Amino acid sequence: MPATGDGRAPGAADLPGAHDGAPVSHARTRPATTGPATATPPIPHPRSQPVRTGHGTRRTAPAHVTGTGNRPATGEAPADGGAAPLRLLVIEDDASDAQLIKAAAADSGTSIEIHWARGLDQATHLLAQSSPATRRGRARGTEFGCVLLDLASPADLPHPSDASDGLEGLHELLRRAPHIPVVVLTDAAGAELGAAAVAAGAQDFLIKHETDGPLLARALRYAVERKRADESQRRLVEAELRGQENARLQRHLLPTPLLDGAGLSFTRRYRPGRRRALLGGDFYDAVRTDDGTVHVVIGDVCGHGPDEAALGVALRIAWRTLVFAGLTGETLLSTLQHVLEHERRSDEIFATLCMLVIEPGGGLSTGLDALGTGERARLYLAGHPAPLLLGRDHAPTTLPADLAGPALGLLPCHDGEAAWPAQELELQPGWRLLLYTDGLIEGRVGAGSRRLGQDGLADLIADHQSAGLTRGRLIDSAIAEVEELNGGALTDDVAVLLLERNPVQLILG
């Protein structure tokens, strides 16, 4: 855009299509005039100053300027069903420079609808009118697609900073309208300032009197796409941060067994059925009380969504609290059912549970010299599969489940039907117990409908034991074969605990 000797473009005071202060949309209904350039009034002041019409009456000029009213500045309206024009807000205090921008938009070959503001205050008002948060019920096309800011325009700051870097207006615009892409305009000597503006948050910069229509169109398209990419990247980073926070939260909700001094090896594996989740509806815990008794629990809340995961955590924490409060047996399970009834989101939610209470070995001593003796244990089952007893000289056997009671939450405690009597056990030296949730045994075997079941799991564990696998390797290989038999990953939550009498030291796997 060549400039005249006084720095203004020829006819810069003219606004094509504006006559006698009327909106520029009237331009297409009036014949062309051949008078001097001064016969056409200048660009209307964006603050709606009164102007005089040709009939001697006074009225208010429009608060903004568009290329042809509601049409793009290219001179041709988009065809019906075509893309809406890009709505460009120009912040420029110099009317001649605003005229140059309008001329470049008309020559860009792109549908651009120009709105003009002399400063940030008026621009903020126009942006607020088209903000996505305030345009309920309005057409989507009323939102500005981009802002073109002349860095030389007054910043209109309420409290100007003494340390000026030439970007005060940009900083204030980004603060007021962070969601709009911004292209800044500088003079030829301000190329470095333009680069600094891009580093400060603008999407691109243009140099006055060197910008033609195609360059303007390219810069606007680039700014819009870069802003969209930046917003997508920001949302992706936010999602990743939320995912990391959720992962940390879920990891902290998984229990740390409190078995110091118990002389037990405790190996556990936990796999939620939900993708990208660390926590499911299954739960487990193990603690040793001051009298040397070891309490172990494993449970399963029906379903495997986030609500079930939260309920499983609530039940586990309640169980540990009740154990340290001195409750055990049916009293503990009845209280835990009350917790379930108050915490569940519907009456159809229930939870299965297996609880094991292991008394100190032989009742003679709690020291390490008594850890190899036989021990007594009590098994409580509430609708849960019974554990496997892994012998060293025989195949795994399923512990008796004759006294199993209903799952928690199925029957009310006060009717006498919700009872969970204890199954007395005698654990021989070197015992090993495998506790698990039903997700491990409900996988399919082959393409048919047959399930693995408890007997199938016992045979599978026996095969892996005969191969010399123990502890973590035993559990991992067993889960891997269960998934292989199922033809893919298990869809239900899976929790597996392997508890072994170990006379040396506690080992957590």
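Predicted model: local features only at pLDDT ≥ 70, side-chain atom pairs only at ≥ 80, totals over all residues.
## Overview

The protein has 9 helices and 18 strands. Residues are numbered from 1 along each chain as its sequence is written, and side-chain values use heavy atoms, with hydrogens and water left out.

Of the 509 residues, 46% count as buried. Buried means under 20% relative accessible area, exposed over 50%, and partly exposed in between, with a 1.4 Å probe and protein chains only. The accessible surface is about 24,700 Å². Carbon and sulfur atoms hold 53% of that surface. These areas come from the Shrake-Rupley method with a 1.4 Å probe; for residues, only the protein chains shown count as cover.

A contact means heavy atoms within 4.5 Å. Among contacts between residues at least 6 apart in sequence, 68% join residues at least 24 apart.

## Nonpolar cores

In soluble globular proteins, nonpolar side chains tend to be buried together. Here a nonpolar core is a set of buried Ala, Val, Leu, Ile, Met, Phe, Trp, Tyr and Cys residues joined through side-chain atoms within 4.5 Å. The largest core has 29 residues, and V296 and L356 touch the most other members. A second, separate core has 25 residues, including A318, W319, L332 and L336.

Not counting residues up to four places away in sequence, V296 touches D285, A286, W319, C354, M355, L356, L435, L497 and L499.

## Helix α3 and strand β6

Helix α3 spans residues 168–176. Its buried residues are E168, G169, L170, E172, L173 and L174. They pack against β3 (86–91), α2 (120–129), β5 (146–150), β6 and α4 (191–200).

T186 sits in strand β6, which covers residues 182–186. T186 counts as buried because its relative accessibility is 4%. Leaving out residues up to four places away in sequence, T186 touches L151, A191, G194, F205, L206, I207 and K208.

R269 belongs to strand β8, residues 264–271. The side chains of R269 and D476 are joined by a polar contact of 2.7 Å. Such a contact is a pair of N or O atoms within 3.5 Å; within protein, one must be able to donate a hydrogen and the other to accept it, and residues adjacent in sequence count only if both atoms are side-chain atoms. R269 and I479 are 210 residues apart in sequence, yet 9.3 Å apart in space, C-alpha to C-alpha.

Rings of Phe, Tyr and Trp (its six-membered ring) pair if their centres lie within 6.5 Å; planes under 30 degrees apart count as stacked, over 60 as edge-to-face and the rest as tilted. The count comes to 1 aromatic pair. Y270 and Y284 form it, tilted, at 6.1 Å centre to centre with 50° between the planes. Y270 is in strand β8 and Y284 in strand β9 (residues 282–288). Y270 counts as buried at 16% relative accessibility, and Y284 does so at 4%.

## A buried aspartate

D493 lies in the loop between α9 (471–486) and β17 (494–501). D493 counts as buried, with 0% relative accessibility. A polar atom of the D493 side chain lies 2.5 Å from the backbone nitrogen of G273. For the backbone nitrogen of G281, the distance to a polar atom of that side chain is 2.8 Å.

Methods: Helix = DSSP H or I, 4+ residues; strand = E, 2+ residues; numbered from the N terminus.
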